[in-house]
Amino acid sequence: MFRYIVRRLLQMILTFFGATFIVYALVFANQDDPLQALAGERPITASVRQALTERYHLDEPFLKQYWYYMKGLLSGDFGTSLTGRKISDMMTQAWPVTIKLALIAMVIAATVAVTAGVISGIRRGSMFDNTTLVVTLVILSLPIVVLAPLAQLIFGIKLGWFPPTAGAHPDFHALLLPALVLGSLVIATELRVTRSSVAENLRSDYVRTARAKGLSRKRVIGVHVLRNSLIPVVTLIGVDIGGLMSGAIVTEGVFNIPGVGFNLFRGIRTEDGPLVVGFVSILVIVFLVVNLLVDLLYAALDPRIRYE
Amino acid sequence: MTDIQAQIDVLPGLDPRAPLLEVTDLHVEFRTQYGISRAVNGANFMLQPGETLAILGESGCGKSVTAQAIMGILDSPPGFITKGEVKYRGIDLLKLPENERRKVRANQIAMIFQDALSALNPVFTVGYQLSELFRMHKGMSRADAKRRSIELLDQVKIPAARARIGDYPHQFSGGMRQRVMIAMALALDPEVLIADEPTTALDVTVQAQIMGLLAELQQQRNMGLILITHDMGVVADVADRISVMYAGKVVEEAPVYDIYARPAHPYAKALLESIPRLDMKGQQLNVIKGLPPALTSIPQGCAFNPRCAYARDVCRQDPPPPAYIVAPGRTARCHFWREVVGDE
């Protein structure tokens, strides 16, 4: 077990460098004139341009820029955004908001998906099962770029149930609608996996044994079936956390939430290399750590799995 | 052995003098989208304390479904009990409300399944699955339940029971797993044990150990044992009486020696003749021609008639042969049982 974790951590280092290198290269390739992009329509004087170019090493070759960047990163310095703000400061502001958003989304999605999935799994072919099938199919087929503005229009503006945009310091209520939109990204798959997992486990031999033991239906389903059925679902929920982070780019953009996605969205538009790479690096680490945790959780949930 | 008076308190109407288990004219059908599959068509048998009844038959003849119907763990839908009685000491279990029926399971009637690996829950320890019985049925504390579980594992001769109580089913060997199943079935001292092909998934030496253990435990507790199997070798050693099932009917019921010596139903006879024997080495093995009928379309008259060497016109017409009394305690559903018995 310990050896496995160490091996995975070592693999992570490689993945991390590979990922940052690729992201850095992509941002570099995308850079046209970042200073102009930053200034917008206003003209930049030659002296300012020269000073900024030197400060951000913009005239150096790619590998050298990457080298400067990594040197800073490894000494804990994420560098400065082209706007002049320290990226570490921006992160301490943005990450809590996004983590809150993603957690709310995850809890909503998992609760709804598992509850509805278990009921559907037990009552296959029932009215409830068919209705959830149709609803989840509709949600699944709507991309988030459609779903987010649509939800904003209907629930935020027309009905006025939620604030249409979140603002600088969003509270729980302001994050609820964006979290619902974000959660709907993963709810359909989680529900379907729960349903088929429950249905499959209900037919298994150990359920027959549990019934032969004279256990109540509540206990057979609530303990024996559920514990087995949730193994694939928990794994899926873990992997979905990554999906929620990437989904946050659009959602935060639409609802004006000052989180990771919002910053990334702006960084890409303004060709702000250090900002994009910095945020993506942390995203990569989050992805890797979550995946490791999910794998470890899998072994904890299913005693048949042992890591060597 | 459970105290009879305590049992009467739990199950009103219990008659200590009535047969331990009496199945009368049991009918089970499965309603599927392809039609109605009649899995059990009038099964009859009786079981007394300390007695071993073997239910014998090919795959798909309704043996396991009968057992599940007795236990009340039939998957319903698609399975439905359409007719018949399952009486435990005079109480018709089929008429009990579900929550009372549930208490009969494991307390009075317990069951062992074929493949212990899939029949045990993979994500709980053996100790948890055993303790669960004591905790749920007897309201014992976790510590007491664990202590009782260790005793049980000792009784079924699992070495180092105390150390193994925290192991998961996949950490046991096949034979040990089946011992765990047996321990689980016997936890609450049931009076009837149904063993559904308990040794089919095991190799021959382990089979003998498990059958030996079952016989020993049965004797200690004076339990009635229903042994469902298709293995005639296993049956000969342990059974007192045999019920041969074909297409959901008991076609012959007889004491074990009688049936081996002089079967009265052509199907039982054919089954016995299809056992490979060392003294018949080099000769053609007698096999039963054809296949058992599809349960969705059981032939008119005697269900065995298309494969039977004795079949005449009367066998191909309804009504099917009744259970003729061949001798006291011995029945056969064949119009020509005299011919079959005397044909040796």
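Reader: Two strands pair if DSSP finds at least two bridges between them. With that in mind, in what order do the eight strands of the open sheet in chain B come?

Author: The order in chain B is 6-7-8-3-9-10-12-11, and the pairing is mixed. Helices (H or I, at least four residues) and strands (E, at least two) are runs assigned by DSSP and numbered from the N terminus. Please keep in mind that this is a predicted model, in which local features need pLDDT of at least 70 and side-chain atom pairs count only at pLDDT 80 or more, while totals for chains, interfaces and linings use all residues. Residues are numbered from 1 along each chain as its sequence is written, and chains are lettered from A and ligands numbered from 1 in the order in which they are written.

Reader: Which strands stand at the edges?

Author: Strand 6 (109-112) and strand 11 (324-327) of chain B do, and because each has a single partner strand, one side of each has no neighbour in the sheet. On average, neighbouring strands of this sheet are turned by 25 degrees against each other, direction ignored.

Reader: And in what sense do strand 11 and strand 12 of chain B pair?

Author: Strand 11 and strand 12 (residues 330-332) of chain B pair in the antiparallel sense over three bridges, and Ala327(B) has Arg330(B) in strand 12 as its bridge partner.

Reader: Which strands does helix 12 of chain B touch?

Author: Helix 12 (residues 266-273) of chain B packs on the sheet and touches strand 9 (241-246) and strand 10 (249-255), its direction making about 105 degrees with that of strand 9. Contact here asks that the C-beta atoms of two residues, placed from the backbone, lie within 7 Å, and angles run from 0 to 180 degrees between N-to-C directions, with axes fitted as lines to C-alpha atoms, for helices over the stretch in contact.

Reader: Changing topic, at what angle do helix 8 and helix 9 of chain B pack?

Author: Helix 8 (residues 174-186) and helix 9 (residues 204-221) of chain B pack at about 15 degrees, with their axes 10 Å apart. The two helices of chain B are therefore roughly parallel, a term for angles under 35 degrees, where over 145 would be roughly antiparallel, 65 to 115 roughly perpendicular and the rest oblique.

Reader: Which residues meet there?

Author: Among those of helix 8 are Gln178(B) and Ile182(B), and among those of helix 9 are Ile210(B) and Leu213(B). By class, this contact between helix 8 and helix 9 of chain B has seven nonpolar, four polar and one charged residues, where Ala, Val, Leu, Ile, Met, Phe, Trp, Tyr, Cys and Pro count as nonpolar, Asp, Glu, Lys and Arg as charged, and the others, Gly among them, as polar.

Reader: How many residues does the contact take from chain A and from chain B?

Author: The contact takes 18 residues from chain A and 22 from chain B.

Reader: At roughly what angle do helix 9 and helix 10 of chain A cross?

Author: Their axes in chain A come within 10 Å and cross at roughly 145 degrees. The contact is made by residues including Tyr206(A) of helix 9 and His224(A) of helix 10.
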